[in-house]
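Dear colleague,

Please find below the structure that I am handing over to you. My notes on what was found in it follow directly after.

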There are 2 protein chains.
Amino acid sequence: MKLKIIKIGGNVINDKAKLAEALKDFAAIKTPKILVHGGGRKASELSQQMNIEPKMINGRRVTDEATLEIVTMVYSGLLNTQIVANLQALDCNAVGLNGADLNLIQSHKRVVKDIDYGFAGDIDFCNSTLLKQLIDLGVSPVFCAITHDKNGQLLNTNADTIASTLAVALSDYFEVELTYTFEKAGVLYDAEDNNSLIPLITKSDYKQLKADKIIFDGMIPKIDNAFLALEKGVNLVEIGGTKFLLNT
Amino acid sequence: MKLKIIKIGGNVINDKAKLAEALKDFAAIKTPKILVHGGGRKASELSQQMNIEPKMINGRRVTDEATLEIVTMVYSGLLNTQIVANLQALDCNAVGLNGADLNLIQSHKRVVKDIDYGFAGDIDFCNSTLLKQLIDLGVSPVFCAITHDKNGQLLNTNADTIASTLAVALSDYFEVELTYTFEKAGVLYDAEDNNSLIPLITKSDYKQLKADKIIFDGMIPKIDNAFLALEKGVNLVEIGGTKFLLNT
């Protein structure tokens, strides 16, 4: 049976109309489904209201204790709960979850090498058996990007990685299709031209596109992550309108 | 089969040691179990940090839009998630829930009579079928006091009422025992003497105790609520160390 996993990021969450559209699309999916959401700007806004300066290194949030409280309140409290209530209004039987619930996603505090990211979690384990049982009750899990270490410590975790971890773990039970919504149409031939969508990328295409510098910078880890998921058993990965397959 | 429902309030949540003790006790319960928690002082603290003055009328929080965001963040985000992570560390397979999850507790915005309590929810419905299925998976639900109206509106709801609603709804499936932790030893013969516990109160005792002014003021709605739950099928209600039964 098919299972769809949809990941929505900050660009959707920050835009009321886009979020409403994304939730409507999600509710309309007929197969079993999971929504994973990132954070958006609300956590930074709350930090400012509380006079706590958000710390970023290389575009990644550094999660000190105060920031962990804030992201837990915003991601797991406000955003997750509002998304679930909105899905319920669309007759989608959603349940809000984070990694601590049912010990679904266990992680460890990121080991410090050059940079101390604080309470950032790197994932060790996904309890796919219990998640499968939940899905079998006909419910649609909605995950925020908080996990735990099974010793009582919550950890701020990358939402893209949560989505791919769930996709890989559930590919034991389902034909999993993983979609990352994206601020552009998808992967583009010309990063400046939203009409230049590349509709399909196989692994050999990817090598060529990198060699030709059509794919570069921040897209590379995203696409590496997509192919890794495919290699680990996920059936299809999409970034916006671009589909990724190991082979055609 | 027995099901234990434990409600912990602000006096437990505000005290780290008491909370740790309560969670240890909860994790040790061998039968199916549910934890319901109130808010404590953290929501008011956050309001102050954000320069939003908490509004209270007759000891009840008035929930305007800003306050609803705050209680959602604190109850459903911070407290619920931390409690679940701490229970997982005690090998209790907890899942954090609010009323919007699985449409478990549906309510309506309190009708304005004399006082407008804002986004306060009065409960209409408990989806006990799905909650029973969840419990049958061997998991322990942990509820915060947020519900929804099934039209996308979250509502701040009394945690005592959530506990008794769950107790009544699940008494179709279980022999339910509902315990309210309490800041005193229980119901007391002398409100000033914590050693004067009344260990058992039947309905006829209750009439006499009220007539004798031993039970008065804020205890009356609490105890009315306890007997209502018993009349609706709950097997046993406890407030601290005091047990309530319809008849001996």
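This is a predicted model: local features need pLDDT of at least 70, side-chain atom pairs count only at pLDDT 80 or more; totals for chains, interfaces and linings use all residues.

A:Cys144 is buried, with a relative accessible area of 1%; buried means under 20% relative accessible area, exposed over 50%, and partly exposed in between, using a 1.4 Å probe and protein chains only. A:Cys126 also counts as buried, at 14% relative accessibility.

Residues are numbered from 1 along each chain as its sequence is written, chains are lettered from A and ligands numbered from 1 in the order in which they are written, and side-chain values use heavy atoms, with hydrogens and water left out.

The sheet of chain A

Chain A contains an open sheet of eight strands with mixed pairing, in the order E5-E8-E2-E1-E11-E13-E14-E12. Helices (H or I, at least four residues) and strands (E, at least two) are DSSP runs, numbered from the N terminus, and two strands pair if DSSP finds at least two bridges between them. The edge strands of chain A are E5 (94-97) and E12 (200-202), each of which pairs on one side only. From one strand to the next, the twist averages 20°; axes are lines fitted to C-alpha atoms, for helices over the stretch in contact, and angles run from 0 to 180 degrees between N-to-C directions.

Strand E8 of chain A has parallel partners: E2(A) pairs with E8(A) over two bridges, and E5(A) pairs with E8(A) over four bridges. Within E8(A), A:Val142 is the bridge partner of A:Leu35, and A:Phe143 is the bridge partner of A:Leu97. In a regular strand the side chains alternate between the two faces of the sheet. Both faces of E8(A) are covered, with A:Ser140 and A:Val142 buried on one side and A:Pro141 and A:Phe143 buried on the other.

Strands E13 (residues 236-239) and E14 (residues 242-245) of chain A pair in the antiparallel sense over three bridges. There, A:Ile239 stands opposite A:Thr242 in E14(A). Helix H7 (residues 203-211) of chain A packs on the sheet, touching E12 and E14 of chain A, and its direction makes about 95° with that of E12(A); contact means heavy atoms within 4.5 Å. Helix H4 (residues 65-89) of chain A lies across E2 (33-37), E5 and E8 (140-143) of that chain, running at about 175° to E5(A).

Between the chains

How many residues does each chain bring to the contact? Chain B gives 39 residues and chain A gives 39 residues. The area buried between them is about 3100 Å², of which carbon and sulfur atoms give 65%; buried area is the accessible area (1.4 Å probe) that two parts lose on being put together, summed over both. Four salt bridges are counted between chain B and chain A, a salt bridge being a side-chain nitrogen of Lys or Arg within 4 Å of a carboxyl oxygen of Asp or Glu. One of them joins A:Glu69 to B:Lys42, with the closest N and O atoms 3.0 Å apart.

Yours sincerely
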